[in-house]
Amino acid sequence: MVQIKTDQFEGPLDLLLTLIEEQKLDISTVALAKVTEQFLDYVKNLQVKNPINLADFLVIAAKLLVIKSKSLLPTLELGDEEEEAAFDLTEALLQYKKYKEVARHFRRIELRHTQSWTRDVDFSDRITFVPDPTITPQILSQSLQTLAMELKEIIKFPRQIMKEVVSISEKIAHIQQLISSQIETSLASLLKESKSKTEVIVTFLALLELTKQRIIQLEQTEHFADIIIKKHQLHGPSQA
Amino acid sequence: MDPVKLKSQILSILFVASNPVSIKEIQESLGVNEDEIKIVIEELVAANHSSGIILLAHNNKLQLASNPDNTQVVKKFLSLELRERLTDSALETLAIITYKQPVSKAEVENIRGVNSQYILRQLLIRGLIEKIPSSSDKRMQLYKTTLEFMQHLGIKSQNELPNFEELTKNITLTPQAPPEAKIEI
């Protein structure tokens, strides 16, 4: 049996035409009856792979089945309307084949690579590359290498930062440890240790979290004064 | 009007208008009857092969364009790339519209046997076809090819497209041979 590749057909008529031509048959009801099975196989696949055009394929499948039944049981009475609709398929295929031929002709014209332009051609679309006359392939190659080296650095960069990042849980542990050994500390002294802006932010988030959990309490005597960090009083005596 | 003068006037109008101009618009500007204009246009189109600027005429619309014979030099001068090649389904749909125009979406789909909404929209966006309301039913849209389509294929006049019957004359239904015919062979 002929293997049909999926997704390469413009539609059911295209598929039918290909099936018939692969078997070197002319367009006829006999030929259609012969390829019905393959057509149905293809549609079965389509159900999974590309259900969007399924309806178009099913319409043709139904017609094929009428033709096939008629070819197996010539005495079968299916009603004039059904039969007529099915046998119109040869006409439809023929018409489609004609337009495919026209399309092929258009392609030949297209492949002459001739084209005309009107005055509304957009000059800004021009692709212009005017290199410095002193540029040689060597220079270009060198600057490309330099660029590659610089890019390498840039790509490495974030990886190094990642290593230095302090997680909030680490910071929380650190602050808890500090407070249990020093009884109190201050925001300013905590921030002094910070190596980066990220760490400052993490320190701050850790403090907020510890305050929320009532493990520490914060005191500030006036606006913009240093913030004193102490153990939460409820915890204080019991834990000490 | 003197045909030479009329020709000259039409060309001047088309030169300053970079967009397609309809025959009706020219008629209104010049106050000449349509037939006179059409005769002159036919002459101009016939002279396309020898001119650097050609007149594209299609669906009663006119536009001046560069001669496709000069594709290479124009391309080089403007540093342009050629338009992208059309896909098989695009060409198939254009083939139908070219010979059936003005044609409805339903008719296109009937011939192709497949939903063509998407491809029609693609062609509209690329300017290769245009929509017009149907004269019999205002709610229905019909599709036509455009001057841009001629530019894309680099054809100088509609006559360059082959006659449909001529092009497809070999595609026929072979009559079912009666059983005795086989024995004779």
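Modeller: Happy to, starting with chain A. Chain A has nine helices and three strands (DSSP runs, H or I of at least four residues for helices and E of at least two for strands, numbered from the N terminus). Along the sequence they come in the order α-α-α-α-α-α-β-α-α-β-β-α. Of its 240 residues, 31% count as buried (under 20% relative accessible area; exposed is over 50%, partly exposed in between, with a 1.4 Å probe and protein chains only).

Please keep in mind that this is a predicted model, where local features need pLDDT of at least 70 and side-chain atom pairs count only at pLDDT 80 or more, while totals for chains, interfaces and linings use all residues. Residues are numbered from 1 along each chain as its sequence is written, chains are lettered from A and ligands numbered from 1 in the order in which they are written, and side-chain values use heavy atoms, leaving out hydrogens and water.

Now to the space you asked about. The largest pocket holds about 550 Å³ (on a 1 Å grid over the protein atoms alone, a pocket is an open set of points with protein on both sides within 12 Å along at least five of seven lines, and lining residues have an atom within 4 Å of a point; points are joined across faces, edges and corners, and the volume is that of probe spheres set on them). It is lined by 27 residues, and the closest to its centre are Glu10(A), Thr87(B), Ser89(B), Tyr118(B) and Ile119(B). Two or more lining residues each come from α2 (29–49) of chain A and from α5 and α7 of chain B. By class, the lining of this pocket has 11 nonpolar, 10 polar and six charged residues (Ala, Val, Leu, Ile, Met, Phe, Trp, Tyr, Cys and Pro are nonpolar, Asp, Glu, Lys and Arg charged, the others, Gly among them, polar).

Running over residues 117–125 of chain B, α7 has Ile119(B), Leu120(B) and Leu123(B) as its buried residues. Seen down the axis of α7(B), these fall within an arc of 100°, so they line one face of the helix (the arc is that of the directions from the helix axis to the C-beta atoms). They pack against α5 (88–100), α6 (105–112), β5 (129–133) and β6 (141–145) of chain B, where contact means heavy atoms within 4.5 Å. On the face turned away from the buried side of α7(B), Tyr118(B) and Ile125(B) are exposed. After the helix comes Gly127(B), with a positive phi near 75°.

For comparison, look at α2 (residues 23–30) of chain B, whose buried residues are Ile23(B), Ile26(B) and Leu30(B). Down the axis of α2(B) they fall within an arc of 60°, so they too line one face of the helix. Their cover includes α1, β1 (21–22), α3 (34–46) and β3 of chain B. Lys24(B), Glu28(B) and Ser29(B) are exposed on the other side of α2(B), and just after the helix Gly31(B) takes a positive phi of about 65°.

Key. On a 1 Å grid over the protein atoms alone, a cavity is a set of points where a 1.4 Å probe fits but cannot get out, and a pocket is an open set with protein on both sides within 12 Å along at least five of seven lines; lining residues have an atom within 4 Å of a point.
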